[in-house]
Amino acid sequence: MTKKQELPTVETRLYIDGKWIDGSQGTTAVINPATGETLAEVQAGGEKETYAAIKAANKAFTDWSRQSPAERAKLMNKMADLVEADADRLATIMTMEQGKPLTQAKGEIQTNVENLRWNAAEGQRLFGEIIPSPVTNQWQVRKQAVGVVGAITPWNFPSNMIIRKISPAIAAGCTVILKPSKQTPLSALALMELFDQAGFPDGVVNIVMGDSSTIGKILSESEEVQKITFTGSTGVGQTLNEQAAPTLKNVSMELGGHAPYIIFPDADIERAVETLIQTKFINNGQVCTSPNRIFVHKDIKEKVTNLLVEAIKQVTVGNGLDDTTVGPLINQAGVDKVADQLADATDKGAKILAGGHRLDKDEYANGFFFEPTILDGVTKEMDIFYKETFGPVIPLITFEDEEQVIKDANDTEFGLASYFFATNIHTIDNVSNKLQYGMVGVNDTSISNSATPFGGVKHSGFGRENGSYGVEEYVEVKFVTIRTAK
């Protein structure tokens, strides 16, 4: 059982225009999902603070966008150094407010370091071009920062989602107003402390906490905010997009997912099972790219199932500070969603092969814990086939035909991540071409990297993060023609 640990010291106020300020809307409690204890009370702002942040970011944009890319990169690399040096504190804060195991939290912090450094370099490679002109004019294409950015981030990756948005934005010369999740604001505030220490000019990076609908609406509708970048649910994304439409601002959305995971009969079965267990239980399944529908060919179904049942016995559940395999779910609503989907599935004929219950005794009593679960016999009549679970459930679906499983894998409104395991080159080519997803992992699930584009299609959103594509999201293309002779 975990010894009681005090929350590391972290700021709890808003950060606007280079100053820490109290909010006008009282405070909001931050709850440890492993223990149910209140970790801290953070300041909440509203209209007043949001407008102040917009004003500060807009004022700072003029000078920041004119700084050389090398100067911006210098500050970003200093920020990366500070994050790396403070990794243990940042990871502990994240585990205590979000629940994920400490090892995973430390990995997320290291990803921040890589992302900052990669974007610092990529911001110096925003090349324009000279187009040959048939006349005496010189034709130039320039890339310029889009302007003030409203960044709205979720609770499941409360540190990396912030850096993945802020890094390319500031590298391109934009200024940012961050609205983090009310469930995990401490990780955001800890990062903001480091932005302050790194010496970024006032107003370049700001944070406003408070009511999401109020702040999101102001950012989306403001004429002074030129871009909204959001990661979260499809429903909220649709609302923000509607609110942003009248101002015709640049919008990018990384929304829900319902990833298929297909195991073909020629696959390396042991590798497919091991990878599934590792990937499914990252952040306890609370990942938009988590494998959610596991399609297994009938000829290998029995072997795969037996291997999974044995492998899941090694998945441990507990307080993330104990560095178990999985920690708690984020809140009671998360627990209820998993339980409801399992009840619906079993009522319609599915069978639970492992797990299936909430853990609520002894050291689990005050947290939001759920057993790692394997569910067999899943069909399209069940909610779990179409609804994102966001929890520790492996739903097994049997298939026979390659074309049919592609059709079934695509039978969802989502289109973020997809995975399949096969060795036949024709299967690999055919399936990777036909899966209607922004990302496809073949014999691999490592689809999130600083240098590669991340994003989806259909109701999983539009726009890309990471890679050169991610930085391009924060620039406008300007054409300039210069007459050079009479």
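Colleague: Which residues does the UniProt annotation "domain: Aldehyde dehydrogenase" cover?
Modeller: According to UniProt, in an unreviewed entry, that annotation covers residues 20-480. Please bear in mind that the model itself is predicted.

Colleague: How much of that span is helix, and how much is strand?
Modeller: Residues 20-480 are 40% helix and 21% strand. The end C-alpha atoms of the span lie 42 Å apart.

Colleague: And how many helices and strands are there in the protein?
Modeller: The protein has 15 helices and 22 strands. Its radius of gyration is 23 Å, close to the 23 Å that the globule rule gives for 486 residues, so the protein is as compact as a globular protein of that length. The C-alpha trace spans about 75 × 60 × 40 Å along its principal axes.

Colleague: What share of the residues counts as buried?
Modeller: Of the 486 residues, 57% count as buried. As for the surface, the protein exposes about 19900 Å², and carbon and sulfur atoms supply 49% of that area.

Colleague: Let us turn to the active site. Where does UniProt place it?
Modeller: The unreviewed UniProt entry places the feature "active site" at Glu254 and Cys288. They are spread over 35 residues of sequence, yet they cluster in space, with a largest C-alpha distance of 9.0 Å. From this set, Glu254 belongs to the lining of the largest cavity.

Colleague: Is Glu254 buried or exposed?
Modeller: Glu254 counts as buried because its relative accessibility is 4%, under the 20% cut-off. Glu254 is found in strand S11, which runs over residues 250-254. Setting aside residues up to four places away in sequence, Glu254 touches Met161, Arg164, Phe230, Thr231, Gly232, Cys288, Leu416, Phe454 and Ser460.

Colleague: Where is Cys288 found, then?
Modeller: Cys288 is in the loop between helix H9 (269-280) and strand S13 (291-297). With a relative accessibility of 13%, Cys288 also counts as buried. Beyond its neighbours within four places in sequence, its contacts include Asn156, Glu254, His258, Glu388 and Leu416.

Colleague: A change of topic: which residues touch the most other members of the largest nonpolar core?
Modeller: In that core of 82 residues, they are Met79, Val83, Ile170, Leu186, Phe195 and Phe200. Helix H6 (residues 185-198) gives the most to this core, with nine residues. In soluble globular proteins, nonpolar side chains tend to be buried together.

Colleague: What does Ile170 touch?
Modeller: Leaving out residues up to four places away in sequence, Ile170 touches Trp64, Arg72, Met76, Val176, Phe195, Phe200, Val204 and Val205. There is also a second, separate core of 35 residues, which includes Val273, Val296, Ile374 and Ala417.

Colleague: Now for helix H8. Which of its residues are buried?
Modeller: In H8, residues 234-244, the buried residues are Thr234, Gly237, Leu240, Gln243 and Ala244. Their cover includes strand S7 (148-152), helix H7 (212-221), strand S10 (227-231) and S11.

Colleague: Why does Ala244 count as buried?
Modeller: Ala244 has a relative accessible area of 1% and is therefore buried.

Colleague: Finally, what share of the contacts joins residues 24 or more positions apart?
Modeller: Among contacts with a separation of 6 or more, such residues account for 73%.

Conventions: Residues numbered from 1 in each chain as written. Predicted model: local features only at pLDDT ≥ 70, side-chain atom pairs only at ≥ 80, totals over all residues. Heavy atoms only, no water. UniProt positions renumbered as here; feature names shortened; annotations may be inferred. 1 Å grid on protein atoms, 1.4 Å probe; cavity = no way out; pocket = protein on both sides within 12 Å on 5 of 7 lines; lining within 4 Å. Helix = DSSP H or I, 4+ residues; strand = E, 2+ residues; numbered from the N terminus. Buried < 20%, exposed > 50% of the residue type's maximum accessible area, 1.4 Å probe, protein only. Contact = heavy atoms within 4.5 Å. Rg over C-alpha atoms; globule rule 2.2 N^0.38 Å. Areas by Shrake-Rupley, 256 points an atom, 1.4 Å probe, with all protein chains shown as cover. Core = buried A, V, L, I, M, F, W, Y, C linked by side-chain atoms within 4.5 Å.
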